[in-house]
Amino acid sequence: MAKETEEHPRLILHNFLSPDLCKELEFIHNSNCTVGYRPNVFSTTLSHLIATNCAHLIMPFVPIREKLRETVEEYFGCHYELVIEFTGLISWTKGANIGWHSDDNRLYLKQRDFAAVCYLNSYNGDFRGGLFHFQDGEPSTIEPMAGDAVMYTADNRNIHSVDEIIEGERTTLTLWFSRDASHDEDAKLISFLSQNSLNSYLPQPASNNMYWFPPDEALKFQSGFDIRCARLHMLGLALYSPYEKICPSAVNSSYNLLELLMGSLQIARGVELFDREFVNVMHVLQVAQFYSWKWSTLKATEVKEVSADIKPLSQAQQEDINCLKSAVLQDLQRAETFIKDLNCGKKVQDLFDWGSFSAAVVEWEAYSCNLHKEMVTSFPLWRKHGSIFSCPVGDSAETL
């Protein structure tokens with residue numbers, strides 16, 4: 001359904017994104033996001049995905065970006081005039097809000113002509129608060145619903161605000177468009193891709209301080225918590241470093257213990273250890289979030305020849321796990337309150353079982369491998385044409 005007035009041009013479309021596509025983008029965000037640009041906000045940009053060796057995760061965005069740009073150009077009458085200036089996944093958690101503003105309200109944002117916001121989850125189901133308001137014109141208030149999209153001019157004809165989040169996590173895919181080709185995000189991303197190795201889909205973490213909450217504690221790591229480990233804790237999962245014996249005296253040196261997140265890790269739950277090594281904490285987190293995304297499918301489908309190899313934890317292993325946990329979740333009570341607020345009271349831990357998780361490891365590898373192959377095939381075409389677009393199956397740089 002579209003509504004527009006000459007004074008306040010805007011477009012609202014219901015079910016613009018499918019439910020599973022919303023869940024896929026949520027998976028990408030929850031397994032890669034960093035502490036954001038505003039208090040209690042987390043973000044995942046395409047450049048961050050490239051920088052952390054997750055360029056393949058750009059692929060689900062490609063057709064969405066094309067569809068959004070075409071829709072904006074057609075509806076606002078600017079065919080072939082726009083470039084995508086920014087693409088990002090943004091989530092707002094308890095306490096986050098923003099007052100009345102236009103999206104071009106700073107000198108460094110004046111290149112922005114149009115905005116598109118796609119809601120990936122729903123008001124009063126996944127979060128409370130977070131209503132979107134336009135200052136003038138109709139509709140004046142939008143209740144975010146998964147799959148819906150809102151598009152509007154970025155100038156003062158569409159001044160808007162977002163209510164404070166009371167509970168849960170409000171997640172969106174947000175794009176801005178510009179008539180100024182010098183702000184073309186595609187050109188920057190292609191240049192960045194050219195500078196990075198595309199040989200693997202195994203994630204590599206950014207600096208630990210990018211994942212520390214609250215961000216003003218990220219220099220000392222003496223209070224707060226690592227958001228990656230908090231999301232794992234949400235599933236009842238703890239981390240174990242198989243090759244590093246943690247000395248009790250090291251507990252007071254959180255920075256040194258956080259460095260363990262960059263290396264090989266195993267996961268434990270309760271008194272059980274999953275006998276599979278992961279290359280780093282981002283690898284663990286991606287598999288865990290993939291499990292959360294695909295849990296119902298994994299439970300409903302029998303995956304042959306996949307069994308969880310579970311071993312009992314020794315006392316020494318449990319002590320090492322507790323030491324690492326005390327470093328990554330410095331303020332455990334605050335982290336658990338944060339987790340409770342994210343879940344709106346839902347008991348995510350109750351959904352867990354090792355058999356489905358073991359299947360998720362295999363399914364995640366297949367998913368990542370397929371996206372990686374698609375990206376490697378597409379990249380020469382993107383570089384040749386200077387833009388990121390959906391490539392027909394079977395096309396190559398030599399055939400075009």
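So, Arg112 is buried, and Glu85 is buried too, where buried means under 20% relative accessible area, exposed means over 50%, and partly exposed is in between, with a 1.4 Å probe and protein chains only. Their side chains meet in a salt bridge, 2.9 Å from N to O; the term covers a side-chain nitrogen of Lys or Arg within 4 Å of a carboxyl oxygen of Asp or Glu. Arg112 sits in the loop between β5 and β6 (114-119), and Glu85 in strand β4 (residues 83-92), so this pair links distant parts of the chain, 27 residues apart. Strands and helices here are DSSP runs numbered from the N terminus, E of at least two residues for strands, H or I of at least four for helices.

Before I go on: this is a predicted model, with local features needing pLDDT of at least 70 and side-chain atom pairs counting only at pLDDT 80 or more, while totals for chains, interfaces and linings use all residues. Residues are numbered from 1 along each chain as its sequence is written, and side-chain values use heavy atoms, leaving out hydrogens and water.

Back to salt bridges; the structure holds 13. Another one joins Glu167 and Arg128, with the closest N and O atoms 3.2 Å apart. Glu167 is in strand β12 (residues 165-168) and Arg128 in strand β7 (residues 127-129), so the pair ties together parts 39 residues apart in sequence. Glu167 is buried at 18% relative accessible area, whereas Arg128, at 36%, counts as partly exposed.

Then there's Glu169 with Arg231, at 2.8 Å, N to O. Glu169 is in the loop between β12 and β13 (170-178), Arg231 is in helix α5 (residues 227-234), and they are 62 residues apart. Both Glu169 and Arg231 are buried. There's also a network, where salt bridges with shared partners join Arg65, Glu185 and Asp186.

Arg65 is one of the buried residues of α3, along with others including Phe61, Val62 and Leu68. What about the length of helix α3 (residues 61-75)? Its 15 residues should span 21 Å at 1.5 Å a residue, and the end C-alpha atoms are 21 Å apart, which agrees; the expected span is 1.5 Å times one less than the number of residues. After α3 comes Gly77, with a positive phi near 65°.

Now the sheets. β5 and β11 (residues 160-162) are joined by two bridges, and His101 stands opposite His160.

The other open sheet I want to show runs β16-β17-β18-β19, also with antiparallel pairing. Neighbouring strands are turned by 40° against each other on average, direction ignored. β17 and β18 form a hairpin with two residues between them, and Gly270 in the turn has a positive phi of about 65°.

Angles run from 0 to 180 degrees between N-to-C directions, with axes fitted to C-alpha atoms, for helices over the stretch in contact, and contact means heavy atoms within 4.5 Å.

Notes: Pairing = 2+ DSSP bridges.
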